[in-house]
Amino acid sequence: MTTLSKLNQFGKGFQLKVLGSLLTDKKFLLNVRDTLSPEYFDSDSHKWIVKAILDYFDKYHTNITLEVLKVELQKIDNDVLQVAVKEELRNSYEASQDDVEYVQEEFAKFCKNQELKKALIESADLLNVGDYDSIRMRIESAMKAGLDKNLGHEYNKDIETRYRQDYRPTIPTPWPVLNKEIQGGWGPGDLCIVFGSPGGGKSWMMVAAAAHAVRLGYNVNYYTLELGEDYVGKRFDCYYTGRSIDEINAYRSDVESILERLKGKLIVKEYPPKSASISTIKSHIQKCIDMDHRPDLIIIDYVDYLKPPSNKFRERKDEIDDVFIGSKALAKELRIPILTPSQVNRMGAKDDVIEGDKAAGSYDKMMVADICLSLSRKKEDKVLGTGRIHFMKNRYGRDGMTYNVKMDTNNGHIEIEKEVDIDLMSSIKSPTVNEVAYKFFSGSNIF
């Protein structure tokens with residue numbers, strides 16, 4: 001397939017998508033840097049933007065920020081050019097992401113063709129003086145232009161990238177205590193598992209995390225392999241209104257009022273257990289993206305219920321390991337955090353604090369996860385509305401901490417409070433650990 005000879009032949013929309021990619025996509029900028037020239041663009045405003053991008057990249061090895069652009073804009077003496085650059089920057093940042101892969105591929109081809117044209121013209125002059133070695137080197141250099149140059153994180157060059165505040169853009173959880181420990185919230189590519197006993201409130205934690213994200217303006221896909229879509233939807237109604245699942249039908253008007261104020265969008269999709277695979281989830285996500293719903297957070301309730309990619313496994317453990325590894329791969333590929341609950345074994349259901357060795361099915365699922373929490377709620381907790389959250393694993397900070405939880409499983413309202421002193425609790429013979437937690441939430445100062 002041939003490419004066009006001039007950039008203006010691609011159209012204004014195409015050029016804006018190119019500028020948007022150069023402003024935000026470091027990998028794309030890195031790959032075209034050696035062939036990119038501001039002179040490819042006809043507009044003076046576009047030339048200025050490209051030159052600013054390249055000057056900043058050559059010095060800091062990453063994309064220029066909006067804050068830097070605002071400063072550089074003030075240095076433009078020509079008022080007409082300054083207004084034009086502002087307008088084109090806004091259009092570039094707001095350019096549609098549709099067909100962005102095609103745009104990047106075509107622009108890379110265009111740049112390579114321009115580089116080859118220059119090499120051939122220069123070779124004609126070198127031919128006149130008989131400099132054959134220079135001709136060979138120039139042509140070889142042009143042929144290598146546009147190759148994938150993404151080596152990974154170049155430690156010596158990428159200090160600006162790793163010290164930016166948005167190097168790991170996160171989606172905050174509803175619980176400040178957790179946000180503090182995991183560097184702000186769920187991050188791109190994270191796989192987060194919440195372990196607990198059956199009926200302990202894990203799915204309500206998923207609802208709370210998803211509802212909070214939607215309220216903040218994020219888009220969420222909630223995949224349920226256990227409950228029905230409509231029932232999960234009503235759980236969100238309960239969370240937003242504070243009403244119980246038994247009485248929510250009488251408060252439809254309140255739900256409708258709340259929905260009008262939500263900034264983000266929620267999609268709840270149901271699959272029967274063992275009928276959907278990671279590929280099924282990925283296909284649905286792509287369908288959502290095609291329909292202008294790009295999810296920022298994925299919740300799968302439960303990953304354990306996904307179908308493995310093949311029937312080669314003879315043991316249940318192998319199936320579980322494979323679907324969890326696949327879930328982590330999906331999170332990394334899409335750069336979207338994935339949250340999922342998971343069961344603990346019978347012994348774990350009896351513990352005041354659930355540790356990692358009580359994971360049901362396979363201990364290895366913890367190995368692939370980035371954040372593992374456990375929610376311990378024994379039968380006394382379910383009556384008192386208490387429990388304990390424990391950090392089993394945390395790639396972004398310390399772990400091993402346990403926090404008291406106050407939980408209402410009628411509406412999913414969960415409070416994570418003071419860190420538990422496990423040594424102190426284990427030394428208390430009477431009252432019991434659950435009674436200690438109850439007194440704490442009742443206001444008695446026993447610590």
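**Exercise 1.** Which residues in helix 6 are buried?

*Solution.* The structure is a predicted model. First, locate the element: helix 6 covers residues 100-128. Next, list its buried positions: Val100, Val103, Gln104, Glu106, Phe107, Phe110, Cys111, Gln114, Glu115, Ala119 and Ser123.

**Exercise 2.** Compare the span of helix 6 with the expected span, and state what follows the helix.

*Solution.* Helix 6 contains 29 residues. From its first C-alpha to its last it reaches 43 Å, which is close to the 42 Å expected at 1.5 Å a residue. After helix 6 comes glycine 130, with a positive phi near 75°.

**Exercise 3.** Determine whether serine 327 is buried or exposed, and name its contacts.

*Solution.* Begin with the location: serine 327 belongs to helix 14, residues 316-334. Its relative accessible area is 0%. Buried means under 20%; therefore serine 327 is classed as buried. Finally, when neighbours within four places in sequence are left aside, serine 327 is in contact with Leu191, Ile278, Val303, Leu306 and Ile338.

**Exercise 4.** Describe the largest nonpolar core and the surroundings of tryptophan 186.

*Solution.* The largest nonpolar core comprises 43 residues. Those with the most contacts inside it are Trp186, Met205, Tyr222, Phe236, Leu297, Leu339 and Ile416. Helix 10 (residues 202-216) supplies the largest share of this core, ten residues. Apart from this core lies another, of 32 residues, among them Tyr40, Val50, Leu89 and Phe110. Turn now to tryptophan 186: leaving aside neighbours within four places in sequence, its contacts include Arg168, Cys192, Ala209, Leu297, Leu339 and Ile371.

Key
Residues numbered from 1 in each chain as written. Predicted model: local features only at pLDDT ≥ 70, side-chain atom pairs only at ≥ 80, totals over all residues. Heavy atoms only, no water. Helix = DSSP H or I, 4+ residues; strand = E, 2+ residues; numbered from the N terminus. Buried < 20%, exposed > 50% of the residue type's maximum accessible area, 1.4 Å probe, protein only. Contact = heavy atoms within 4.5 Å. Expected span 1.5 Å × (residues − 1). Core = buried A, V, L, I, M, F, W, Y, C linked by side-chain atoms within 4.5 Å.
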